[in-house]
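Visitor: Hey, can you walk me through this one? I'm new to reading structures.
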Amino acid sequence: MAGAKEIRSKISSVKNTQKITKAMEMVAASKMRKAQDRMRAARPYAEKIRRAIGHLRHANPDFKHPFLIERPVRHVGIIVISTDRGLCGSLNINLLKATVAAIRDAEAHGQTVQICAVGTKAVQFFRRLKFEIAASATHLGDRPQVAALIGTVKVMLDNYRAGAIDRLLIVHSVFVNSMSQQPVVAQLLPVEPTGAGELQERWDYIYEPSAAELLDGILMRYVESQVYRGAVENVACEMAARMVAMKSASDNAGKFIDELQLIYNKARQAAITKELSEIVGGAAAV
């Protein structure tokens, strides 16, 4: 029965693992609902301000803000928003693949790339690649705050103003549903114009007190809102991916336990049969 004892030990070990994965699945499901609420609250503002800023590309103010001016692209900055922890399936893998594809595309056009990494997984990945990380932020938690992102984002914006970056991209995961999360690469700067068909034939904005002061403030809010939205979307994606991954792990553990239980029953039956044969053989010898 030595083999049976080993099998019982394996069954017990897998059952303990299954308890952990089930607990993690329930925790992720609970956190996902809260993260979805924050994500839904952040989306309308981020979409409206992106649309309003897109209108500004069609306006004709006396002051031309550097965030609205197209210029030859020689340097590209990429803000990557990943998770701090693993155990969330292929979420980070797909995100980093999309980032690497954007980097290769920029390098194919002779452009240099700077990375702003948000999240431990992105920081670790680009450090392993010996890639230049201009700024980083980690351990934002399940409730990201704009204040924790401002310093990191400001580094990239300062580089953009100084001409060290000519285009700024953001890469983050978008929550489609609990089973699907997709990486998205979007351009932050220069601001992409809204479709001219949505605008009136003759229009412009009246700036008070001045276009320079107002544009600087609203464009900063625009960038912060887009990065914050990416962060809260990423948390919702992380919890959904972890819930699915832990459910899959729990189901696989259950199948493995059933297989081990069958092997154990066969080993036990074989041992009993052997003992009976020995008893019968001994009785016949007497």
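Visitor: How many residues sit between S4 and S5 in their hairpin?
Guide: Two residues lie between S4 and S5 there. The model is predicted, so local features need pLDDT of at least 70 and side-chain atom pairs 80 or more, while totals for chains, interfaces and linings use all residues. Residues count from 1 along each chain as its sequence is written, and side-chain values use heavy atoms, without hydrogens or water.

Visitor: What counts as a strand, and as pairing?
Guide: Strands (E, at least two residues) and helices (H or I, at least four) are DSSP runs numbered from the N terminus. Two strands pair if DSSP finds at least two bridges between them.

Visitor: Which way do S4 and S5 pair, parallel or antiparallel?
Guide: Antiparallel, over nine bridges. One of the partners is Asn-177, bridged to Ser-180 in S5. S1 (residues 75-81) runs parallel to S4 (residues 167-177), with five bridges.

Visitor: Is Asp-166 buried or exposed?
Guide: Buried, at 3% relative accessibility. Buried means under 20% relative accessible area, exposed over 50%, partly exposed in between (1.4 Å probe, protein chains only). Arg-71 is partly exposed, at 24%.
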